[in-house]
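Please keep the sequence and the coordinates open alongside the text.

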Amino acid sequence: MFARLILSRLLELVAVLFGVSLIVFLMIRLIPGDAVAIMLGANTEITPDRLAELRGRLGLDLPIIEQYLRWAGAALRGDLGVSIWTGRPVFDEIMAQVGPTLELTLLSLIIGAGLSVPAGVLMAKWRGRGADAVLRIVSVVGLTTPSFWLGIILILLLAAVAPEAQALGYVPFSQDPLGNLGRMILPAIALSFPIVAQLSRLVRSAMLDALGQDYVRTARAKGLSENAVVYRHALRNALIPFVTSLGVTAGYLLGGAIVVEQVFAIPGMGRLILGAISERNYPLVQASILVVTFAFVIVNAIIDVLYVVLDPKLRS
Amino acid sequence: MKRLLWRDATLTFAALLVAAHVLAAIAAPLIAPHDPLAQNIIARLKGPSADNWLGADQLGRDVFSRILYGYRTSLAVSLGAVFASLLAGGALGLLAAFYKGWFERIVMRCMDALFAFPVLLLAIGVVAMLGPQASSAAIAIAIVYTPIFARLMRAAALVVIESEFVVAAKTIGCSDARLLVRHVLPNLASVMIAQTALMLSAAILVEASLSFLGLGAQPPSPSLGLMLAEGRNFLMLSPWSAIFAGLAILILSFGFNLLGDALRDRLDPRLRGG
């Protein structure tokens, strides 16, 4: 049964990855006009020879199905082509810049998830008419605060409080761990703010739901302390929807990181992709989106399976 | 509807907030104290004053007037995009739920693939291909939100289609089109309206993010995200333009989100107070 479940998830995963690759592949067809002429026109004079040469190099003179098979086949072997302008393998360029983005995403996820569980539990305990209304307004404000704006506000606040502190830029963790975390903390707070609002509300309503269940009444009836009821019985069940929503949250953070990076001058995927867009380096744009989305989908699938392992109800 | 509005203070407040913004955007030429593009060198980077209520930007343009016009861009892109995705996603989801079989499988697999992308990343990719401008941002947002509406519509429609009155209508020989339009859709309207308000709130933030990255409306057109990006470069000289532009995005998105939230609560009694 369990093996069959894993197998069906695996098939689903392959189907989604195939769909994702098809969408990324077809994306280049959205370019109005001749993509090759546009790419070439960004840097050099357009001549028929150069057009034909680049077209041939990108394989764009082949039938579309063959183009896809070649492109996908190469991508599966880790070959995403070479950057049109620098000649470096696209994969290397991505690997060189993915670090800061991953760090920012992960840090925000830890802060967001870490804060929203206790916040949600507290919110569930303070249930009442007045408190509900206030919580709703606060959580909607949190949810709709643009993180890139919050980042700017945080920079201003830091400049007012500690003018000598260095808030912008990036140093690798391996070089200077404290300097790295010191610079990442503001962007991570800005990025995780909306998800704290969303997730804590989710935890709260799941907690309220759980606290109304029969097993909680039973736990109370057998004389367990309030803390044991709340934390050992209700919270464990309330965390299930929370864990499932972490995947979507990670996707939100990954996209948001690209924007927040720009506020704090962090050299990550945002800089790579935006640079590629302004150079009209479409293959690099495609490859970046493909790599990030694949990684994201695969991590989500793993979480999905773990979640089944953790939840006995789903195993049977 | 009227009684419903008065019964719920949050709903009323949110509806008024949204209505005020839409009106302000429409009436921007009448309300704005200055031309949003007019440069005034003397007022450059000045803070709020009697003449420039919210200050002036790096070219001496009035921030308040630019925000009013920025609402126009923001609302035009978000409304256009969300309604397009509601129509496309809603139709696909409804037909998938109704006809099932291979049609449903193919449509929903496509939606799964689209849904698998991180929203902003896919939007950036689409804009990159179409070329950075406001209309590309609208198309990108419409594409990324289509699967969300399709999935929601399909899930909600499946329940309604199984219900007795639909089966009964089918039994007495109701045509497919009539069944969907007269019996199924009216029962899904409330769910979709609440979701539309929530998606508008999110779309406003995505549009602002895209124009902040330089991938939406292009200068010198007044756009909230762009104002924030330009203001960022003069932050230490004069933060006003950036602060107020961001606040404007927040309030606009807040209004729609609160509206959607309150509507969802109203429509689903189980969620009331939860």
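In this predicted model, the side chains of B:Glu104 and B:Arg154 come together in a salt bridge, with 2.6 Å from N to O. Because B:Glu104 belongs to helix α5 (residues 101-115) of chain B and B:Arg154 to helix α7 (residues 134-162) of chain B, the pair ties together parts that are 50 residues apart in sequence. The two partners can also be described by their accessibility: B:Glu104 has a relative accessible area of 13% and is therefore buried, the cut-off being under 20%, whereas B:Arg154, with a relative accessible area of 25%, is partly exposed.

**Overall make-up of the chains**

- Chain A contains 13 helices and zero strands, and along its principal axes its C-alpha trace spans about 85 × 60 × 35 Å.
- Of the 316 residues in chain A, buried residues make up 46%.
- Chain B contains 11 helices and, again, zero strands, while its C-alpha atoms fill a box of roughly 75 × 45 × 30 Å when this is taken along the principal axes.
- Chain B has 274 residues, of which 56% count as buried.

**Other salt bridges**

- Over all chains, a search of the whole structure finds 12 salt bridges, and the pair B:Glu104 and B:Arg154 described above is one such contact.
- Within chain B, the side chains of B:Arg61 and B:Asp57 also meet in a salt bridge, at 2.9 Å from N to O, and both B:Arg61 and B:Asp57 are buried.
- In chain A, A:Asp214 and A:Arg217 form a salt bridge in which the closest N and O atoms are 3.6 Å apart.
- Because A:Asp214 and A:Arg217 are three residues apart in helix α9 (residues 214-221) of chain A, about one helical turn separates them.
- A:Arg217 counts as exposed because its relative accessibility is 59%, where the cut-off is over 50%.
- A network of salt bridges links residues of both chains, namely A:Arg136 and A:Arg201 from chain A with B:Asp261 and B:Arg264 from chain B.

**Helix α4 of chain B and its surroundings**

- Helix α4 (residues 63-99) of chain B and helix α9 (residues 176-212) of chain B have axes that come within 8 Å and cross at roughly 145°, and this crossing of α4(B) and α9(B) is right-handed.
- B:Gly70 is placed in helix α4 of chain B, and with a relative accessible area of 0% B:Gly70 is buried.
- From B:Gly70 to B:Pro36 the C-alpha to C-alpha separation is 9.2 Å in space, although the two residues are 34 residues apart in sequence.

**A nonpolar patch on the surface of chain A**

- A:Leu26, A:Ile64, A:Ile65 and A:Leu69 form a nonpolar patch on the surface, and together these residues have about 390 Å² of accessible area.
- Helix α4 (residues 64-76) of chain A contributes three residues, which is the largest share of the nonpolar patch.
- A:Leu69 is located in helix α4 of chain A, and because its relative accessibility is 54%, A:Leu69 counts as exposed.

**Backbone features in loops**

- Most peptide bonds are trans, and a negative phi is found for most residues other than glycine.
- B:Pro219 and B:Pro220 are joined by a cis peptide bond with an omega of about 5°, and B:Pro220 sits in the loop between α9 and α10 (224-232) of chain B.
- A:Ala265 is not a glycine, yet it has a positive phi of about 55°, and its place is in the loop between α10 (226-263) and α11 (269-278) of chain A.
- With a relative accessible area of 31%, A:Ala265 is partly exposed.
- B:Lys100, likewise not a glycine, has a positive phi of about 50°, and B:Lys100 lies in the loop between α4 and α5 of chain B.
- B:Lys100 counts as partly exposed because its relative accessibility is 32%.

Definitions and conventions. Residues numbered from 1 in each chain as written. Chains lettered and ligands numbered in written order. Predicted model: local features only at pLDDT ≥ 70, side-chain atom pairs only at ≥ 80, totals over all residues. Heavy atoms only, no water. Axes fitted to C-alpha atoms, helices over the stretch in contact; angles between N-to-C directions. Helix = DSSP H or I, 4+ residues; strand = E, 2+ residues; numbered from the N terminus. Left-handed = near helix turned anticlockwise from the far one by under 90°. Patch = residues over 30% accessible without salt bridge, like charges linked within 9 Å, V, L, I, M, F, W, Y side chains within 5 Å. Areas by Shrake-Rupley, 256 points an atom, 1.4 Å probe, with all protein chains shown as cover. Salt bridge = Lys/Arg side-chain N within 4 Å of Asp/Glu carboxyl O. Buried < 20%, exposed > 50% of the residue type's maximum accessible area, 1.4 Å probe, protein only.
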